[in-house]
Amino acid sequence: MVSHLVNTIRNVVGITGNVISLFLFLSPVPTFVRIWKKGSVEQYSPVPYLATLINCMVWVIYGLPMVHPNSTLVITINGAGTAIELVYLTLFLIFCHDKKKRLKGLLIALVEKLVISTKSVEYMPFFLSLASFANGVAWTTYAFLPFDPFIAVPNGLGTLFSLAQLLLYATYYESTKRIIAARKETKMEVNLSEVVVNGNHVPKKTTRAT
């Protein structure tokens, strides 16, 4: 009776984890819509999407019946995640104009390094971090019904890293708004100067009589 209840709770948590994970995988869609419209990846890093792709592929292998039986929920969501991340990375490469810089970034860049150095979270998608945190909590809970250290450890660490990202977002949110506002003001001033020069409305230099 108890084992049946535990299995039922495990399935419910697993299904909930699948739903949250799907939201996690789809959360970067607004980012890629922005990339599509601008025709450039700007300062966005490919590291989160590459890391997620590798993560999903490993979990698909782990969930195979010959490796870890009764892991259908693990296979389904990570199989979907693999396909989604491949689409993201394909779009990233299409709209990446500086291939060498991006490939170098795959090796040495992390989102948190960019955030701390610029004190800006403009290129750190909030919903991706939030969905990652919720996803980690769900799958860590799932790993304790019954206990599976192979699921508990990576998802527990993922939860902590996602929490760190959310704390960074909260820390630099106000400074990000100021940076964006200053950039817009500078851009408006530059555009206004160009209009004045092109319209020949350049003020004449006056000389004082002696």
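**Close-up views of a helical chain**

**View 1. Ser71 and His68 meet through their side chains in a polar contact of 2.6 Å.** A polar contact here is a pair of N or O atoms within 3.5 Å; within protein, one has to be able to donate a hydrogen and the other to accept it, and residues adjacent in sequence count only if both atoms are side-chain atoms. Everything shown is a predicted model, where local features need pLDDT of at least 70 and side-chain atom pairs count only at pLDDT 80 or more, while totals for chains, interfaces and linings use all residues. Residues are numbered from 1 along each chain as its sequence is written, and side-chain values use heavy atoms, with hydrogens and water left out. Ser71 sits in the loop between H3 and H4; helices (H or I, at least four residues) and strands (E, at least two) are DSSP runs, numbered from the N terminus. Ser71 is buried, at 4% relative accessible area. Buried stands for under 20% relative accessible area, exposed for over 50%, and partly exposed for anything in between (1.4 Å probe, protein chains only).

View 2. With a relative accessible area of 7%, Asp148 is buried. Setting aside neighbours within four places in sequence, Asp148 is in contact (heavy atoms within 4.5 Å) with Tyr62, His68 and Ala143. With Tyr62 there is also a side-chain to side-chain polar contact of 2.7 Å. His68 turns up again here: besides its contact with Asp148, its side chain is the polar partner of Ser71.

**View 3. Glu85 is an acidic residue in helix H4.** Glu85 is buried too, with a relative accessible area of 2%. Beyond its neighbours within four places in sequence, Glu85 is in contact with Phe25, Tyr49, Thr52 and Leu53.

**View 4. Helix H2 (residues 29-38) has Thr31, Phe32 and Ile35 as its buried residues.** These three sit on the same side of H2 because they cover an arc of only 90 degrees around the axis, the arc being that of the directions from the helix axis to the C-beta atoms. An α-helix has 3.6 residues a turn, so residues three or four places apart point the same way. What do the buried residues of H2 pack against? Their partners are helix H3 (47-62) and helix H4 (72-94). On the other side of H2, Pro30, Trp36 and Lys37 are exposed. Just after H2 comes Gly39, with a positive phi of about 70 degrees.

**View 5. Cys56 and Cys96 are both buried, Cys56 at a relative accessible area of 0% and Cys96 at 1%.** The structure holds 0 disulfides, a disulfide being a pair of cysteine sulfur atoms within 2.5 Å.

**View 6. UniProt marks "transmembrane region" (unreviewed entry) at several spans, including residues 73-96 and 151-173.** UniProt positions follow the numbering used here, feature names are shortened, and annotations may be inferred rather than shown by experiment. In the model, residues 73-96 are 92% helix and 0% strand, with end C-alpha atoms 34 Å apart. Residues 151-173 come out as 100% helix and 0% strand, and their end C-alpha atoms lie 32 Å apart.

**View 7. Zooming back out, the chain has 8 helices and 0 strands.** Of its 210 residues, 34% count as buried. Among contacts with a separation of 6 or more, 78% come from residues 24 or more positions apart.
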